[in-house]
2 protein chains.
Amino acid sequence: MARLAPGTISDAMRYATTGGKRLRGFLALESARLFDVPFAQSVHAAGAVECLHAYSLVHDDLPCMDDDDLRRGQPTIHVKWDEATAVLVGDALQSFAFELLADPDAGDATQRIDLVAGLARASGADGMVLGQAQDIAAEAAGRALSIDEITELQANKTGALIAWPAEAGAILGRADPVPLRRYAHAIGLAFQIADDILDIEGDVAKAGKRLQKDAAAGKATFVSLLGLDGAKARAADLVEEAEAALTPYGDRARTLKALARYIIARDR
Amino acid sequence: MARLAPGTISDAMRYATTGGKRLRGFLALESARLFDVPFAQSVHAAGAVECLHAYSLVHDDLPCMDDDDLRRGQPTIHVKWDEATAVLVGDALQSFAFELLADPDAGDATQRIDLVAGLARASGADGMVLGQAQDIAAEAAGRALSIDEITELQANKTGALIAWPAEAGAILGRADPVPLRRYAHAIGLAFQIADDILDIEGDVAKAGKRLQKDAAAGKATFVSLLGLDGAKARAADLVEEAEAALTPYGDRARTLKALARYIIARDR
C-alpha cells in the first residue's frame with residue numbers, strides 16, 4: 001500500500017513544520033525551564049504547539065481562506081502539492097499535536113490532560129478558530145474595526161496560541177500560572193502589533209511571506225488605527241509590561257525577557 | 001464582537017453534528033455499558049468520536065476532496081455557508097473532540113489521556129487521514145485496487161474510527177480491550193462492505209447522500225471485487241465473527257450484537 005500513498009502526507013507534514021521562528025515552541029521550552037522541567041519532557045508541549053500552529057498556517061493559506069502562495073520563504077502546501085493534501089496535512093498535524101501531548105514522556109497523566117484541555121480550548125471555537133472566523137467576518141462586514149474589536153480578534157486569533165505554551169511551562173512546573181499568563185498576554189498583543197508594522201515596513205525576502213496584503217485589502221490594523229509611531233509606542237509599552245510580569249523569576253527569566261524584546265525587533 | 005462573527009462557527013458546528021446514525025457514539029456508550037460505566041461519563045467519549053467523525057465528513061465533502069453537496073439529507077457546510085466556514089468548522093470540531101475527552105467527568109486523568117492518545121492516533125496520519133490520502137492516491141493511480149489493498153485502505157479510512165469507541169469502552173471499564181477490538185475490527189470492515197452495497201442498491205432519499213459515485217468514478221469497491229453476492233456473503237461472515245468476539249460478555253452484549261446485524265441491514 002505504501003506505493004499508493006508514498007509518504008505524501010508525512011512528507012508534507014515535515015515540510016509544513018520546517019522553518020519558521022519556532023516562537024511558540026521556544027516559549028514552551030523557556031517557560032518550563034524556569035521551573036527546571038527537563039527538555040526531554042517540555043519538548044512534547046513545544047512540538048505540540050508548533051504542529052498546531054503549522055496546521056493553522058496550512059489551512060489559513062488555502063485559496064478559500066487567505067489564498068497565500070508563499071510561507072516561510074517556500075511555496076505553500078496547496079501550491080507545492082494540492083488543496084486536498086493541504087486540508088489533510090493540517091488535519092493530521094492537529095491530531096499529531098494531541099498525540100505528542102499524550103506521550104508518557106510529556107508529563108504525568110494529570111499534567112498531560114491539563115495540557116490537552118488547554119491546547120484544545122486555545123485552538124478551537126472559543127480561541128484560534130473563533131479569531132479566524134472573526135477576521136473573515138470583519139472583512140465581509142466591510143467596515144473598519146475599532147481598537148477594542150481588533151484587540152479581541154487578535155487575542156483569539158494569535159494570542160490564545162501564544163498564551164498556551166507559556167501556561168504549559170507552569171503546568172509542567174506545577175507553578176502558579178498567573179505571572180506567565182500576564183507575560184504571554186502582553187507579548188501576544190505585542191507580536192500582533194509587530195506583525196502589522198512588519199506588514200508595512202518589512203521586506204518580503206526576510207519575512208518569507210507576502211506583505212502589505214492588509215493595507216491593500218483596506219483591513220483595519222493596529223497601524224491603521226494607531227499610526228506607525230503610535231503602534232510602535234504601544235508595542236514597546238507591552239514589552240515593558242511583559243518584562244515586569246516576569247519579576248518573580250528574577251534573572252532566571254532573562255531569556256524570556258529577551259524574547260519579549262525580540263518580538264518587536266524581528267524582521268520576519 | 002459578537003456582531004462580527006454572529007455564532008456562525010457554533011451554528012455550523014451544531015448543523016454538522018445533527019442527524020446521522022451516531023453509530024460511533026452509540027458504540028462508545030454500549031461498549032462502556034458492558035462494564036457498568038455510567039452514561040454521564042461515557043457520553044464524553046461518545047460525543048468526542050461523533051465530533052471527530054463529523055469533522056472528517058465536513059472536510060471530506062469539500063470541493064477539493066469528494067465535492068459532495070448532500071450529507072445526511074441536507075446541503076453540506078460549504079454549500080450552505082462557504083468553503084472557509086467548512087474548513088474552520090472541521091478544525092473546531094476536531095479541537096472540541098479533544099476538549100470533551102479532557103473534561104473531568106470523562107474519567108480519571110489516566111483514562112482521559114489514554115482516550116486522547118487513542119483518538120489522536122486513530123484520526124491522524126497513521127489512521128483516518130492516511131486512509132483518506134490512500135483513497136485519493138488510489139484514484140489518481142488510475143488502476144483498480146486489490147482486495148488486500150482496499151481492505152487496508154478501509155481499515156485506515158473508516159475502521160480506525162470505528163475501533164476507537166469500542167476500545168474506549170474498555171478503557172473506561174478498565175477491562176481487557178482485546179474482545180472489543182476484535183468485534184470492532186469485524187464490524188468496521190462489514191460497515192464498509194455494506195456502504196459499498198448501499199452505494200449500488202441504496203435509495204438517495206433514505207441514504208441522505210449521493211450514491212453510485214464510486215461506480216461512476218470506476219473506483220474499485222468490495223462489490224466490484226467480490227460481486228454483489230460475494231460482498232453480501234463476506235459481510236454476513238464478518239457479522240458472525242463480530243458476534244463471536246462478544247462471547248465473553250454473554251447476554252450483556254445483546255445490543256452490540258444487534259448493532260453488528262444492523263450494520264449490514266441498514267438502508268442509510
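Me: Is Tyr249(B) buried or exposed?

Reply: This is a predicted model, in which local features need pLDDT of at least 70 and side-chain atom pairs count only at pLDDT 80 or more, while totals for chains, interfaces and linings use all residues. Side-chain values use heavy atoms, without hydrogens and water. Buried means under 20% relative accessible area, exposed over 50% and partly exposed in between (1.4 Å probe, protein chains only). Since the relative accessible area of Tyr249(B) is 14%, Tyr249(B) is buried.

Me: How many aromatic pairs does the structure hold over all chains?

Reply: Rings of Phe, Tyr and Trp (its six-membered ring) pair if their centres lie within 6.5 Å; planes under 30 degrees apart count as stacked, over 60 as edge-to-face and the rest as tilted. Over all chains, the number of aromatic pairs is five.

Me: Which kind of pair do Tyr15(A) and Trp81(A) form?

Reply: The ring centres of Tyr15(A) and Trp81(A) are 5.2 Å apart. Their planes lie at 80 degrees, so the pair is edge-to-face.

Me: What is the angle between the planes of Phe35(B) and Tyr249(B)?

Reply: Phe35(B) and Tyr249(B) form an edge-to-face aromatic pair, at 5.7 Å centre to centre. The angle between their planes is 85 degrees.

Me: Which residue lies over the face of Trp81(A)?

Reply: A charge sits over a ring if NZ of Lys or CZ of Arg is within 6 Å of the ring centre and within 35 degrees of the ring normal. At 5.8 Å from the ring centre of Trp81(A), the residue over the face is Lys80(A).

Key:
Residues numbered from 1 in each chain as written. Chains lettered and ligands numbered in written order.
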